[in-house]
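Have the sequence and the model side by side as you read.

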Amino acid sequence: MAEQFHSLSLSDVTMLTNVLAPDILESPAFVNADIFERLRIKVLTGTEFQRTQMIFRRKGGAARQYKEDGLSEQALGYMEERKLEVTLSAALYKENLQNFREKEPFSILGSNGTYNAPVSEFIIRNIGKQYAGDVLNNIFFGKKSLGYDSPMGLYDGVWTLVDNEIAAGKISKALMNYVEIQPFTDSSSNAASENYEEFVRFVESWHPALRNADSVVVYCSPETKRRIVTSYMKTFTGFQSPTAGTNSFRFFDMPNIELVSHAAIGRGSRLLATLPENIEFGLDTMNDMSRVSVDHKPTDQNILYFQVQSAQGMRILDTAGTKFCVSNQVNTQIEELNGDYQKNSVTVSSNDDALGTVSIDNEKTEYAVGESLSMTATPTSTGQFVKWSDGATVNPRTIVFSGKPETYQAIFEKKE
């Protein structure tokens, strides 16, 4: 007997997506949890994020010193507010409705979250994994000034934050949190120790408080880690150790220093040394704008568009030389992104197609910023229009495309 399959409807997929939406929105933190742990980056989500949106770093006030002719005062420092700024971002992912097929027996029992749809759940959770990958690619190279049209504009990454502070004069040689070094290269046999010696020169240029800290994390590209470790092992043992291929590395002569790498750090010779968890990633899943929506095109009912929208950001708690030091050089990104950040950033849908549908009078493939869209919510014989998802009740209604991700859903109810 041939196996029986049940094809899900758009409303089934939408219901299942709503059930899984919290997990999808949390995926940038949880899917990448092992990577954040490896890189010693602290992750803030939910209420923890809400409680720690900003901190104050205070240094000094006044130092008092007695002299023969009385008391003198000398300013020691400053107070600085360091916010964790999050940026709202959205990505679009396409799936074919025909892929949502389940073996019998199968059930979706309603909005209480009770369902049995393993294939469909896998597809939807995979969308969360793709979004998590896109968000991860921004942790070092993200630059929100690139805008919504750029996949690298989700939020300011670590390298952007560092470059901004260098430009502002908060990271410099004078402050002992910036060191110029030579690029790391593949060493020749007669100069086996040159890369390790250059790394040691970087370490010896740190502030003593950082150099003598209990634990220091040094971020570097995978190729740079390989070159430093290979040079180190050839210098001290005469051969390359298998430990060069692991995710992190410690030196027996500098046991407090851990060399970590990941593809997200990019390709190049730039080094960043800091204390564990001095860098934070914040994911604001409690933001009212964080959501996952499903839509389709009237011209092709089988193509579904999943738009994931959330707010996230990075911060470096303290760039003082006692806790932080970065080298010169520039790293370049080596990863590709999954989502479609270029088109279809306005999503229009109905909460129940059996009760009503939504049409766009002047529908086009793309709209320019400032261009108008006219939407009409049309109830069926069994439904009645109540409002739009943003609370507006005017119908038809006209909106002006802002160039940012937007979602409008018509809310229908069954007639009494």
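Start with Cys325, which counts as buried at 0% relative accessibility; buried here means under 20% relative accessible area, exposed means over 50%, and partly exposed is in between, using a 1.4 Å probe and protein chains only. Cys220 is buried too, with a relative accessible area of 0%. As for disulfides, meaning pairs of cysteine sulfur atoms within 2.5 Å, the structure holds zero.

A quick word on ground rules: this is a predicted model, where local features need pLDDT of at least 70 and side-chain atom pairs count only at pLDDT 80 or more, while totals for chains, interfaces and linings use all residues. Residues are numbered from 1 along each chain as its sequence is written, and side-chain values use heavy atoms, leaving out hydrogens and water.

Now for the backbone. Most residues other than glycine have a negative phi, and most peptide bonds are trans. Arg40 has a positive phi, near 55°, and sits in the loop between α2 (33-38) and β2 (42-45). Those labels are DSSP runs numbered from the N terminus: helices are H or I with at least four residues, strands are E with at least two. With a relative accessible area of 27%, Arg40 is partly exposed.

Glu277 also has a positive phi, near 65°. Look for Glu277 in the loop between β15 (272-274) and β16 (279-283), where its 45% relative accessibility makes it partly exposed.

Last stop: the peptide bond joining Asn395 and Pro396 is cis, with omega about 0°. Pro396 lies in the loop between β23 (383-388) and β24 (397-400).
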